Amino acid sequence: RRAVPPGRSRARSRGAAGAALLPSMLMFGVILASSGLLLMIERGILAQVGPPPPHPPAGPSRRDGRDSPAELELEVLRDTRNRTIRALCGQRSMPRSVWELPPGQRRTVLRHLLVSDKYRFLYCYVPKVACSNWKRILKVLDGALESVDVQGKMDHKSDLVFLGDMKPEEISYRLKHYYKFIFVRNPMERLLSAYRNKFGEIKEYQQKYGVEIVRRYRKNGGNSAGDDVTFSEFLRYLLDEDVERMNEHWMPIYNLCQPCAVRYDFIGSYERLHADANHVLEHIQSPSFVRFPERQAWYKPVTAETLHYYLCNTQRRLIKELLPKYILDFSLFAYPLPNITSEFCRQ
């Protein structure tokens, strides 16, 4: 987990020339070729695309039997995600199961799949997409926690069952028969949330990553305590990192949860967190007293204005070069690429 010097990941990639492409790289190539996203990036990052459309609020169907516009919009979003995933994962080169993944990728996804044998579901947790609250729910369902509202620091390991700790036959059975779900988030918003949290509040991350990032990318930065990492320095660090070796808080969702190798039954959105969470809780038939926790009072959400400010005050070249590493998250989960054109940023 130590920060990797700039040249090492590049050296590894050069040394692997001629080897078989990893499934994630193959899918990346298919995405670029089939959707023209690379062309969009080269032309200024979707100059014609404005901010993402608002996600529809939760609400019951109309009593006359017709769906409301909000529900129709949500249905279109889900249909887009499902069609994209089916099209890309249907390619011959894509993995059909976790056993077709390279060992490193298989370890990553199996240690991010949490298991509830009592309620027969698998949840792939994604850091910075409300995973702490989902872990609380799992602990309550298992009886290890009295309530989702219990105060105290969240222990992300104890009283949780990880699929990766099971035997191969146990893993295969659960992947085949259990209800499987993930929650996703706008990739750039998730990166900004990780940056603000880890380098603005968590001393461990400041010392473990921040000190090295500043030393590497700032002239005379050797005296930094790691608590003053700029967003641009963080993005430069991500550019030099091997995706498969990234910290889970900024590793792409695709690499964490492998949606081709694991056929998820439901993909929830951070933007519709409570409505989608209630859908899952209803589906697994959780007890009525178990509900998705409310946001903590101290939590500072990333607003559209905050994201706009950070992106528009970052070199366009830096964002343009970083997008290919997260292009699968944008494409598979139907998030628009960030608009950082001069016209949009002047607003």
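User: Which residue does a disulfide join to Cys 89?

Analyst: Cys 260. The S to S distance is 2.0 Å. Keep in mind that this is a predicted model.

User: Are Cys 89 and Cys 260 buried or exposed?

Analyst: Both Cys 89 and Cys 260 are buried.

User: And what handedness does the link of Cys 89 and Cys 260 have?

Analyst: Left-handed, with -80° about the S-S bond.

User: OK, zooming out. How many disulfides does the structure hold?

Analyst: Three. Counting bonded cysteines along the chain, the pattern is 1-4, 2-3, 5-6.

User: What does Cys 124 form a disulfide with?

Analyst: Cys 257, with the sulfur atoms 2.0 Å apart. Cys 124 lies in strand S2 (residues 121-124) and Cys 257 in helix H11, so the bond ties together parts 133 residues apart in sequence. The link of Cys 124 and Cys 257 is left-handed, at -95° about the S-S bond.

User: Why does Cys 257 count as buried?

Analyst: Because its relative accessibility is 0%, and buried means under 20%. Cys 124 is buried as well, with a relative accessible area of 0%.

User: Now Cys 312. Which cysteine is its disulfide partner?

Analyst: Cys 345. Their sulfur atoms are 2.0 Å apart. Cys 312 is in helix H13 (residues 304-312), and Cys 345 is in helix H15 (residues 342-346). That pair also links distant parts of the chain, 33 residues apart.

User: Why is the disulfide of Cys 312 and Cys 345 left-handed?

Analyst: The torsion about the S-S bond of Cys 312 and Cys 345 is about -80°, so the disulfide is left-handed.

User: Switching to Cys 131. Buried or exposed?

Analyst: Cys 131 is buried, with a relative accessible area of 6%.

Terms used:
Residues numbered from 1 in each chain as written. Predicted model: local features only at pLDDT ≥ 70, side-chain atom pairs only at ≥ 80, totals over all residues. Heavy atoms only, no water. Disulfide = S-S within 2.5 Å. Buried < 20%, exposed > 50% of the residue type's maximum accessible area, 1.4 Å probe, protein only. Helix = DSSP H or I, 4+ residues; strand = E, 2+ residues; numbered from the N terminus.
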